[in-house]
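Here's a quick tour of a protein model and the molecule it holds. Take a look at the sequence and the 3D view, then work through the points below.

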Amino acid sequence: MADRIKREIELKENLRALIEDIEKERLKYSSHQIIQLIAVSKYVDLSDIIALYNAGQRTFGENKIQDLKAKALSLENLPIQWHMIGTLQENKINQLLSLRPTMLQSLDSIKLAKSLQLRLEKNNTNLDCLLQVNSSNESTKSGFSLDSALDSYKEILEIAPNINLCGIMTIATNTDDTKIIESCFKKTKDIFDKLNKFGAKILSCGMSDDYNIAIANGANMLRIGSRIFK
Ligand SMILES: *Cc1c(COP(=O)(O)O)cnc(C)c1O
């Protein structure tokens, strides 16, 4: 019990310090910018999620469908907004939809968009999604290439009316070289700006180690895990 209370205080302080830091970076970028924080809870169990919920956090992200399912079902009495941020296998689409997630951030292929559209149409429902862009150009990372992202975004708008495309998401190269990270975010922001007239509103970049660079390059959604739950 004492450990639990200690942990709750610790998480509350982590969240407070993080929000304070985000706010500092946000004001450097623009006082008009609104930034949404997704707490990535993939490392932790229910008690830590509840502790963060009690500290005021309402939006959480998971990268595996089975974890998302277990946590969302266990916590269905809380008004938590769940974001799916990891690769979605086509055979897991039904599971995802049954959980009524707030957003799928990892729409990473035309093939997935087509399957998702079929299923959404059948269920007579919609889903907010972000197009995942592979800004680091690493073959191990999923997402649309920087070259194809623009056309693919427009194609999905045309062929998948039940997918509400809200913007784009990217994961920068995992490196200490800030120039390389910056370049990933800048290239993604360029695409985002071009998609503005097609309704793109959300630019989801930035994790624990690079969120300050992401904010400086226009990110308005951050996905942060270890910095909160360490
Ligand atoms: C794990 C994960 C994050 C959060 O990473 P941290 O470095 O722990 O903040 C963000 N986005 C995606 C897609 C992830 O899988």
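Let's start with Asn162, which sits in the loop that links α6 (146-159) to β6 (163-170). Keep in mind that this is a predicted model.

- Is Asn162 buried or exposed? Its relative accessibility is 13%, and since anything under 20% counts as buried, Asn162 is buried.

**Where the ligand sits**
- Now find the largest pocket: that's the space the ligand takes up.
- Which residues surround the ligand? You'll find Val40, Lys42, Tyr43, Asn63, Ile85, Ile171, Met207, Ser208, Arg223, Ile224, Gly225 and Ser226 around it.
- Sort that shell by class and you get 6 nonpolar, 4 polar and 2 charged residues.

- Tyr43 reaches the ligand with its side chain, where a polar atom is 2.4 Å from a ligand oxygen.
- Ser208 also uses its side chain, placing an N or O atom 2.5 Å from an oxygen atom of the ligand.
- With Gly225 it's the backbone that takes part: an N or O atom there lies 2.8 Å from an oxygen of the ligand.
- How much of the ligand does the protein bury? On its own the ligand exposes 390 Å², and the protein buries 90% of that.

Key
Residues are numbered from 1 along each chain as its sequence is written. This is a predicted model: local features need pLDDT of at least 70, side-chain atom pairs count only at pLDDT 80 or more; totals for chains, interfaces and linings use all residues. Side-chain values use heavy atoms; hydrogens and water are left out. A residue is near a molecule or strand if one of its heavy atoms lies within 4 Å of it. A polar contact is a pair of N or O atoms within 3.5 Å; within protein, one must be able to donate a hydrogen and the other to accept it, and residues adjacent in sequence count only if both atoms are side-chain atoms. Accessible areas come from the Shrake-Rupley method with a 1.4 Å probe; for residues, only the protein chains shown count as cover. On a 1 Å grid over the protein atoms alone, a cavity is a set of points where a 1.4 Å probe fits but cannot get out, and a pocket is an open set with protein on both sides within 12 Å along at least five of seven lines; lining residues have an atom within 4 Å of a point. A molecule sits in a cavity or pocket if more than half of its atoms lie within 2 Å of its grid points. Ala, Val, Leu, Ile, Met, Phe, Trp, Tyr, Cys and Pro count as nonpolar, Asp, Glu, Lys and Arg as charged, and the others, Gly among them, as polar. Helices (H or I, at least four residues) and strands (E, at least two) are DSSP runs, numbered from the N terminus. Buried means under 20% relative accessible area, exposed over 50%, partly exposed in between (1.4 Å probe, protein chains only).
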